[in-house]
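Trainee: I would like to learn how to read strands, helices and cores in a model. Where should we begin?

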Amino acid sequence: MAPLQCPLPDYWALEERRLPPTSQHSTTFGSLLRQLRRRAGMTQGDLAALVGFSVAQISRLEQDARLPDLASVADAFIPALALQDEPHLAQRLLELAALARGERPPAAVTLTRTVHTTIVEEEITNASHLPEPSTGLVGRAAELESICARLAESPGRLLTLTGPPGVGKTRLALAAAGRLRSLYRDGAWFVSLAAIDDVELVASAITASLGLATATTRPPALRLVEELRRKELLLVLDNVEQVTDCAPFLAELLQSCPGLRILATSTAPLRLRAEQRYRVPPLGLAPSVDLFLHHAHAVDPDFVLTPERAGAVAEICLHLDGLPLAIELAAARMDILDPHTMLERIRERRLAVLADGSSDLPAHQRSLRTAIERSYGLLNHDEQRLFRALGVFVGGWRMDAVVALGSDGQMLRSLLNKSLVHRAPVDRDEQRFQMLPILCEFALEKLVAAGEEISVRRQHAHFYLAFAVCASEANAAGSQELWLDRLEHEHDNLRAAMRWLIAHDPPSAQRLGGALREFWYTRGHFLEGRRLLQQALAASAAPTVARGHALLAAARFAHAQDEYPLALRLIDESLSILRQSDDRAGCAEALRTGGWIVHSMGESSRAMAMFEEALALSQSLDDLGLIADLHISIAQVHVLDGDSVRFDEARQAFELGLRLATQLGRQESAAYALFGLASLAYMSGDNLAAIRFGEDALGIFQALGSRRNQPLALLLIGEAEMLLGELDAAQAHAQAALAIYVDLAIPWGEASAQRVIGQIERMAGNLGQAHLSLNRSLDLSWQIRDDRGTSIDLAEIAGIALAQSQPERAGMLLGAAFKQFDSPPNFLAPDHRQTYTQLAADVRIALGEAQFAQIWEAGQALSLEDAVRLAGVSP
C-alpha cells in the first residue's frame with residue numbers, strides 16, 4: 001500500500017487526552033527505551049555501540065535523566081532496535097521523545113495507511129479497555145518492575161500472578177498492563193472471570209470483553225482464535241482460580257495466536273509449559289503503613305499519624321499480615337474509630353472487623369472473610385479438611401506433622417499451589433510451611449464449626465510430645481545443634497501443645513515439660529518454662545515418672561534464677577519420686593542438678609557427695625554422656641572452691657570429660673569442659689590460657705544458641721583481659737554478659753557482670769561509675785545471699801573509699817571482706833588476692849599501724865549485714 005503523509009496535530013491532542021502527567025499508566029521515553037532494548041536482547045553496552053553513544057548516556061536516557069534527540073532516535077535508535085517493521089512502536093518512541101523535550105512531534109511521519117489505522121484504534125481502545133483504578137498503587141514499585149520485565153522480556157507468553165486472597169494481585173496486574181500496553185499494537189484488554197465458574201463460559205467471557213460480535217453460529221473459542229491470530233495484544237485474565245480447567249484452552253489460544261500474551265491472576269497456577277509464575281508477596285511494614293495512611297486520609301482528610309498513633313497503626317498492619325485488602329478495609333474505619341480501638345478489635349477478631357468495604361469493589365472483595373471463603377469454597381472435601389486442621393499450627397509446620405494429622409504431601413502441595421499455604425524460610429535444608437495468621441483464624445473457625453477441634457488438637461499435641469521426646473533423646477546422643485534449632489523452629493507449636501495438654505492431659509504435659517528441659521535451659525527460656533511447668537505440676541499431683549522429670553526441670557530453672565530454697569524443695573521431691581520409680585538415669589540427673597543447687601547454697605561437701613552418687617549410678621548404667629558431665633562437675637567444684645591441692649586432678653577430669661563429650665558429639669558438654677579448663681587457668685593465674693580456653697567454649701555456646709552459658713564465658717574472658725590490663729576488651733565482654741543476664745533475669749549473673757564492670761572502671765580511674773556498678777552488684781549479691789560475691793564487692797568499694805581519702809571506712813570494709821576471704825574455701829583468684837592484700841597494705845600505711853589494727857578488728861567483728869550497710873546498701 002502506498003505511503004501516506006499523515007499530519008499529527010490531532011494525534012498530539014489525542015496523546016494529551018490519553019496520557020495526563022499524573023496518570024497511573026503513563027509511559028516515559030526512558031522506560032519504553034529500556035523495555036525495547038531488553039526485548040531485543042541487548043545490554044546497554046550493545047545499544048551504545050550501535051547508536052554511537054556511551055553506556056553512561058544510554059543509562060541516563062533510560063532513567064529519563066537526559067533529554068533524547070529526535071533526530072538520533074529516528075536515525076539511529078529505531079534501526080538499532082529493529083523497529084522498521086513495527087511502525088507503531090517506532091512512532092510511539094518518537095512521540096515520547098518529543099514529550100520528554102516538551103515539544104510537539106514532527107509535522108509528519110511516513111506511515112502506511114494500515115499502520116495509521118491501527119495506531120488510531122490502539123489509542124482509542126487502550127483508553128477504554130483497562131479499568132482505571134480508583135486508588136493509587138502504594139508500596140509495589142519493585143514488584144511492578146519485576147512483573148513488567150518478565151512480561152516484556154521472557155519467552156514464556158503467560159505470566160500468572162499468584163498469592164493468597166487480598167494480597168493485591170488484580171491491582172498489580174492492572175498497573176503492569178497499563179504500563180506496558182503501548183508495547184502491543186492492539187493494546188491491553190481486561191477480562192474479569194470472577195463471576196464465571198463454568199469453564200465452558202471462559203471463551204464467551206473473553207469474546208464479550210473484547211467486544212467481538214456474538215451473533216454468529218461459530219463457537220466462541222473458534223471465533224476468538226480467528227480474531228486474535230493476527231492481533232498483537234496483552235490479555236489480562238482476572239480471578240482464573242475458579243476456572244483453572246480452562247488451561248488447555250488458553251494453551252491452544254497461545255499456540256494459535258503468536259502475538260498474544262496473557263497476564264493472569266489466580267490463587268493457583270495454571271500449570272502450562274508457557275507459564276511463568278510470580279508469587280505476589282504481602283506488603284512489608286513500611287509500605288503497609290503508607291497504604292493505611294493513604295486510605296485513612298481518603299475517609300478522614302484530617303487524619304494525622306502522631307507519635308501516639310504510630311505504634312498502633314504499625315501493629316494493625318502487622319496483625320493484618322501486610323494484605324492490602326485487609327489494610328484498606330481497616331483504614332476505611334478511621335472516620336469512626338481511632339487506631340487504638342481498631343487495634344483492640346483486630347486483636348479480638350480480625351475477620352469480623354474487616355467487612356463492609358467500598359460498594360464499587362467486587363462482591364468477593366468487600367470483606368476479607370468473603371474473599372477467603374471464596375478460595376475455601378474452591379477446595380475439594382479432603383483439601384478443606386486439611387486446611388481446617390492446619391489452623392491449629394502456630395508458626396508453621398513440617399511435612400511429618402501433616403502426615404500425623406492423617407493427610408499427605410500431595411494434599412499439602414495442592415494447598416501450596418492454591419496460595420493458601422506458603423513455604424517458610426529456614427536456616428537448614430529442611431522444608432517448613434506456614435499459613436498467614438488471618439487464614440489460620442478462618443481455618444480455626446471452620447474447624448470448630450465442623451466439630452473437629454478437639455480431635456485435631458489432640459493429634460497435634462501428641463505429635464509434638466513425641467517430637468520433643470525424640471529431640472531430647474537425640475540431644476543426649478549428639479546432634480545437639482541440629483535438634484536445638486529444630487525445637488526453636490517448633491517452639492510456638494510446642495507451647496500450644498503444652499497448653500492444650502495442661503488442660504486435657506496433665507501427665508502428658510508433665511512429660512512434655514521434662515522433655516523440653518535441656519532446650520529451655522540452653523536457649524534461656526527460663527520464665528516461660530517455669531510458668532508452664534508450674535501449671536502442669538499443679539494440674540496433677542500423681543507421683544509418676546513424668547512428674548519426677550518435670551520437677552527436675554522446674555528445679556533446674558529455679559536454680560538458674562538463684563531461687564535456691566525453692567530449687568532444693570523441687571529437687572528433693574523429684575529425687576523421691578524417681579527413686580521410688582527406680583529410674584536410675586533420672587536419679588543421676590536429679591543428683592547432678594541437686595549438687596549444683598546445694599553448692600550454690602555454700603554446701604560444697606554435700607554437693608560432692610551428690611555428684612559422687614550420681615557418678616556411681618551413671619557408671620552402673622554405662623551412660624558415658626552423664627559420666628562425662630559428672631567428671632566435669634566434680635572438677636569445677638574443686639576450681640570454684642580454690643582447692644589448689646586438687647587442681648591437677650581437676651585438669652585431668654576436665655580433659656577426660658572433654659574427650660568423652662567429643663567422642664559422643666555432645667557439644668555443650670565439650671564446651672563445659674573447655675570452660676572448666678579456662679576457669680582452672682584463671683584460678684592458677686594463667687590469664688592468657690584462660691582467654692584461649694574461654695573463647696573456645698564461647699564459640700560452641702554461641703553455635704548452640706546457649707544464652708544461659710554464653711555470659712559465663714564472656715565474663716571469664718573479660719576478667720582475664722582486665723587482669724592483663726586490656727580494659728577496653730574487658731569492658732566489651734562484661735557489658736555483653738550483663739545484657740544477657742539482665743534479659744534472662746538471673747540476679748547472680750547480673751551481680752557478677754556489674755562487679756567486673758565496677759572493677760574495670762576502678763582500674764581506669766572512673767570512681768563514680770565504678771561505685772554505681774559495685775553498689776548494684778552488692779545489692780543483688782546480698783539479696784540472693786551470695787556471701788562470696790558480697791565480700792568481693794565490699795573489698796572493691798573499700799578501694800574506692802581509700803581513693804577518696806576515706807581510709808577508716810576502707811579499713812572497716814576490708815576487714816569485713818577478709819573475714820570471708822580467709823575462711824575456706826579459698827575462692828579468690830591469685831591476682832585478686834594479691835590486689836586486695838596490697839590494698840590492705842595501703843590502708844595500713846594511710847592509717848598507721850595502731851589505728852589500722854583497731855579498725856581492722858572492728859571490721860572483722862561486723863556482721864556481713866552491717867558491712868553491707870556500711871558500704872551504702874540497705875540490706
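This is a predicted model: local features need pLDDT of at least 70, side-chain atom pairs count only at pLDDT 80 or more; totals for chains, interfaces and linings use all residues.

Trainee: Which strands does β3 pair with?

Mentor: In general, the strands of a sheet pair through backbone hydrogen bonds, in either a parallel or an antiparallel sense. Here, β3 (residues 158–162) and β6 (residues 260–265) run parallel and are joined by four bridges. Within that pair, T160 stands opposite A264, and L161 stands opposite T265. With β7, β3 pairs in the parallel sense over five bridges; L159 stands opposite Q276 there.

Trainee: What is the strand order in the sheet?

Mentor: The sheet is open and has five strands, in the order β4-β5-β6-β3-β7, with parallel pairing. The edges are β4 (188–192) and β7 (275–279); each has a single partner strand, so one side of each is left without a neighbour in the sheet. From one strand to the next, the twist averages 20°.

Trainee: Which helices pack on this sheet?

Mentor: Helix α8 (residues 141–153) lies across β3, β5 (233–238), β6 and β7, and runs at about 180° to β7. Helix α9 (residues 169–180) also packs on the sheet, where it touches β3, β4, β5 and β6; its direction makes about 155° with that of β6.

Trainee: How should I read the buried residues of a helix, for instance those of α4?

Mentor: An α-helix has 3.6 residues a turn, so residues three or four places apart point the same way. In helix α4 (residues 55–62), the buried residues are I58, S59, L61 and E62. They cover an arc of only 160° around the axis, which puts them on the same side of α4. Among the elements that cover them are α2 (29–39), α3 (44–51) and α5 (70–80). After α4 comes D64, whose phi is positive, near 60°.

Trainee: What does the span of α22 tell me?

Mentor: Helix α22 (residues 437–449) has 13 residues, which at 1.5 Å a residue should span 18 Å; the end C-alpha atoms are 18 Å apart, so the two agree. The buried residues of α22 include I438, L439, C440, E441, F442, A443 and L447. G451 follows α22 and has a positive phi, near 70°.

Trainee: Which residues touch the most other members of the largest nonpolar core?

Mentor: They are F292, L390 and W397, in a core of 220 residues. Not counting residues up to four places away in sequence, F292 touches F303, V313, I316, C317, I327, A330, A331 and M334. There is also a second, separate core of 35 residues, which includes L774, L778, A816 and F821.

Trainee: Is S773 buried or exposed?

Mentor: S773, found in helix α40 (residues 767–783), has a relative accessible area of 4%. The cut-off for buried is under 20%, so S773 is buried. Leaving aside neighbours within four places in sequence, S773 is in contact with Q754, I757 and G758.

Technical notes: Residues are numbered from 1 along each chain as its sequence is written. Side-chain values use heavy atoms; hydrogens and water are left out. A nonpolar core is a set of buried Ala, Val, Leu, Ile, Met, Phe, Trp, Tyr and Cys residues joined through side-chain atoms within 4.5 Å. Buried means under 20% relative accessible area, exposed over 50%, partly exposed in between (1.4 Å probe, protein chains only). Contact means heavy atoms within 4.5 Å. Two strands pair if DSSP finds at least two bridges between them. Helices (H or I, at least four residues) and strands (E, at least two) are DSSP runs, numbered from the N terminus. Axes are lines fitted to C-alpha atoms, for helices over the stretch in contact, and angles run from 0 to 180 degrees between N-to-C directions. The expected span of a helix is 1.5 Å times one less than its number of residues. The arc is that of the directions from the helix axis to the C-beta atoms.
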